[in-house]
Amino acid sequence: MRKKINIILIISFIILTILIIWINYLMKNHVGDIEFDSSRDNPSFNICNEKHIYQYYSVGTHYEGERKAMREEIYQHLQNKKLMLDKKDGIITFRFVVNCNGKSDRYQYKSIDANFTETNFKESEVKKVLSAVENLRSWVPGINKKGDKVDSYYQINFKIKDGIILDIF
C-alpha cells in the first residue's frame with residue numbers, strides 16, 4: 001500500500017512540475033512575439049526591455065507625419081523598383097518592432113488572399129516592398145503610463161488588387 005502511495009505522489013509531483021513549467025512559459029511568451037532570428041535580424045538592434053514589448057496602439061507608437069507620410073515614403077521608395085507582384089488579390093502584412101529609440105527591426109510578413117487564406121506573392125517582389133518598409137526612419141516610440149519611451153510591435157498592411165498596391169494601412 002505504501003508503495004502505491006509513493007508512486008502516486010511521484011507521478012503527482014512530476015505532473016505538477018510540468019504544469020508549473022508550462023504555465024511559466026505561457027506567461028513569458030505572448031502570441032505574436034517576434035523573437036530575434038540571427039538569419040534575418042540586425043544583431044546591433046537594441047530592445048530596451050525584451051521582457052515587455054507593447055502593442056503600438058496601447059502606447060501610441062506612430063510614424064512622424066502619420067499614415068500619409070508613411071504612404072508617400074513607401075510609394076516614393078517603390079517608384080523606381082518596377083514592382084511586379086503576382087496578378088492576384090490579397091493583403092501583405094509586415095510586422096516588426098519599433099524600439100524605445102525609434103529604430104525598427106525584426107521584420108516578419110505574411111500574405112493572405114481575398115478569401116483570407118494564407119498565400120504567397122513572388123518572394124523577390126515582396127522583398128522590394130519589405131525594403132520600402134525597412135527604409136522608414138521617422139518612427140516615434142510609444143510612451144507607457146509612467147511616461148517612459150517603450151518598445152512596441154507595429155504593423156503595416158498592403159492591400160493588393162491584380163498585383164497592384166491599392167492601399168497601405
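Me: Why is the pairing of Lys161 and Asp89 called a salt bridge?

Reply: In this predicted model, the side chains of Lys161 and Asp89 meet with N and O 3.4 Å apart, and since a salt bridge requires a side-chain nitrogen of Lys or Arg within 4 Å of a carboxyl oxygen of Asp or Glu, the pair qualifies. Lys161 lies in strand β8 and Asp89 in the loop between α3 and β3, so the pair ties together parts that are 72 residues apart in sequence.

Me: What makes Lys161 count as buried, partly exposed or exposed?

Reply: Its relative accessible area is 40%, and because buried means under 20% and exposed means over 50%, Lys161 is placed in between, as partly exposed.

Me: How do you know that Lys127 and Glu123 form a salt bridge, and how are they placed in helix α4?

Reply: The closest N and O atoms of Lys127 and Glu123 are 3.7 Å apart, which is within the 4 Å cut-off, so the term applies. The two are four residues apart in helix α4, which means that about one helical turn separates them.

Me: What makes the buried residues of α3 line one face of the helix?

Reply: The buried residues are Ala69, Met70, Ile74, His77 and Leu78, and seen down the axis of α3 they fall within an arc of 160 degrees, so they line one face. On the other side of α3, Lys68 and Gln76 are exposed.

Key. Residues numbered from 1 in each chain as written. Predicted model: local features only at pLDDT ≥ 70, side-chain atom pairs only at ≥ 80, totals over all residues. Heavy atoms only, no water. Buried < 20%, exposed > 50% of the residue type's maximum accessible area, 1.4 Å probe, protein only. Arc of directions from axis to C-beta.
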